[in-house]
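Look at the structure below and follow the text with it.

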Amino acid sequence: MEYEVVIGLETHAELATIAKLFCGCSTKFGAEPNTHVCPICLGMPGVLPVMNKKAFEYALKAAVALDCEINRFTNFDRKSYYYPDLPKNYQISQNYYNLGIDGHMDMFVNGSIKMVRIHNVHLEEEAGKLIHPEEPGANYSLVDFNRAGVPLLEIVSYPDMRTVDEVESYMQTVRKILLYTEVSDCKMQEGSLRFEASISLRKKGTDKLGNRVEIKNLNSMKSVIKAIEYEAMRQSELLDRGETIDRETRLWDEVGEKSQRMRSKEESQDYRYFPEPDLLPVLIDEKWLSEVKNSIPELPLARKQRFIEAFKLSDYDASILTEEKVLADFFEECVKILDRPKAFSNWIINDLLREVKDRKLDISNLPIKPGQLAALVEIIEKGTISSTIAKEVFSEMIQTGKEPQKIVEEKGMAQISDEGLIESVIDKVIAVNPSVIEDYKKGKKNALAFLVGQVMKETKGKANPKIVNELLIQKVGS
Amino acid sequence: MKIDKKTIEYIANLSRIELSDQEKEVFIHQLSDILSYIEKLNKLNTEDIKPMAHSINTTNVFREDKLELPISREDALYNAPSTMGVFFKVPKVIE
């Protein structure tokens, strides 16, 4: 039987504030356990949470960037459940008046644009971290509350995806939007960006959604894809055997590459949402909303289209340049200084990114400045250095951070365009290669390339190859 | 509204408390009485009244994104029923 796979994703992103959502504890990752805690985030009796304005604005910014309708009146709700990573036994979240609803996101899949609808975007508090001891038979778990109370954004999509390619693109596009709007650092390895998938199958050509299965514990984009492929296979096998799919939550086992039942619908949790009495509602007026709207930069997809049109870049080049905001900003800074978009695109994609990769550098901290790359491109265009030498200068720039002109001067790398000087070298080369000259005169045209090579070798690659060519032809005849 | 034994058991389970049969009987009556009392509100005409999310008529109370000093780990762990090294210790979690 042929089935259609119906996939929806929940995205959790920790927001990039320095303090937690309801208290002044640090959100910094990797601190000593239980050192970023206070009575509020430890849920001690009698304390009152007060909302971090920046966290709220970041969430609002993300909701606007995802084209959501903004609830001008939003409120927070208590989601009750007992779990030891949650010190209050409830999580402050949103349920009745989510910050943003009915949004959508455009994404690129296999060369065309696909839209995924966003069900809602809301703000909540992060839970603490549980550590499970490895010793066999241990009957305890350990808790670190540093993460408890970190502001967490949740983005819930509609089940609008049908293939893993679409899922992959969705995850990449959401990540880029959150990075472009600078509301989250999106470091999956530190858990600041996480995904949960819900998957159901239906017979091709039918409309009714099947029972959906939610999958948790997906630690990387690769796990999300693997888990979806596994789950689609598991469900189609069950359906082929005439069995039904239980609505349930399953946990992905990273090592075994399979999912296991965590709880069924009958055991599903009863969250007993009710308005959080410790927090006051938030009203978003026109002025505030328009300020937030104005703070949203051009988003990746739009920027890519603009790069293709304004700078005549290829689809591929524009994609790579807009992959990371810092890279796209770097490129545009370069073009502002010198109008050579194609040259900058080549240098950034072929050379700069290779250096960043080889040296395992952080993309947000590029080793050269736009002005330096522009200066390099300028001296190549002027003919001060050849493009071969330019590669050496570039590598030196990365290592030392020096200006290209200075490197050229110090190392005597400037291109030789002095015809008299080049002529004297040519004479020397002709004198020691009589047989090659003979060959050339007999019509062996590639002998000329050998002679050019010899001149370049004599001048350590610095002779202007165009002039060398012209002078050689003059000397030995064409 | 009448609360039955099943509902009491469900609520007790959600609250992670154990009740004896005798206690269940007591709570069936108490909770039923409370709900019947609250049910009087259903008789009021609320047609033109907007749902209220909070009893205080104030909105938009925020703090700035500024760090404040945390408490010491020693203090944080002080009241915990069980600890282990730098951590809170809890019964094994299966999920």
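**Where the chains meet**

The contact is made by 58 residues from chain A and 34 residues from chain B. This is a predicted model, and the values here are computed from it. Together, chain A and chain B bury about 3,900 Å² between them, and 63% of that area is on carbon and sulfur atoms. What links of a polar kind are found across the contact? There are 19 residue pairs in polar contact between chain A and chain B, counting pairs with both residues at pLDDT 80 or more. The count of salt bridges between the two chains is 0.

Which parts of chain A supply the side that touches chain B? At least two residues each come from strand E2 (51-52), helix H1 (53-65), strand E9 (129-131), strand E10 (140-144), strand E15 (258-264) and strand E17 (282-283) of chain A. E10(A) gives the most to this side, with 5 residues. Sorted by class, the side of chain A that touches chain B has 37 nonpolar, 12 polar and 9 charged residues.

The two chains also meet through strand pairing. E2(A) pairs with strand E1 (residues 62-63) of chain B in the parallel sense, over 2 bridges. The bridge partner of A:Met51 in E1(B) is B:Phe62.

**A sheet in chain A**

Now turn to chain A itself. An open sheet of 9 strands runs in the order E3-E7-E8-E11-E1-E12-E13-E14-E15 (chain A), and its pairing is mixed. Strand E3 (69-70) and E15 of chain A stand at the edges; each has a single partner strand, so one side of each is left without a neighbour in the sheet. E15(A) is also among the elements that supply at least two residues of the side of chain A that touches chain B.

Within this sheet, E7(A) and strand E8 (residues 112-125) of chain A run antiparallel and are joined by 9 bridges. A:Gly100 stands opposite A:Val121 in E8(A).

**Aromatic pairs**

Finally, consider the rings. A search of the whole structure finds 12 aromatic pairs over all chains. A pair of aromatic rings is described by the distance of the centres and the angle of the planes. For A:Phe73 and A:Tyr97, the ring centres are 5.1 Å apart and the planes are at 80°, so the pair is edge-to-face. A:Phe73 lies in strand E4 (residues 73-74) of chain A, while A:Tyr97 lies in the loop between strand E6 (90-93) and strand E7 (100-109) of chain A, so the pair ties together parts that are 24 residues apart in sequence.

How values were computed. Residues numbered from 1 in each chain as written. Chains lettered and ligands numbered in written order. Predicted model: local features only at pLDDT ≥ 70, side-chain atom pairs only at ≥ 80, totals over all residues. Heavy atoms only, no water. Contact = heavy atoms within 4.5 Å. Buried area = accessible area lost by both parts, 1.4 Å probe. Salt bridge = Lys/Arg side-chain N within 4 Å of Asp/Glu carboxyl O. Polar contact = N/O pair within 3.5 Å; in protein donor to acceptor, adjacent residues only side chain to side chain. Helix = DSSP H or I, 4+ residues; strand = E, 2+ residues; numbered from the N terminus. Nonpolar A, V, L, I, M, F, W, Y, C, P; charged D, E, K, R; others polar. Pairing = 2+ DSSP bridges. Phe/Tyr/Trp six-rings, centres within 6.5 Å; stacked < 30°, edge-to-face > 60°.
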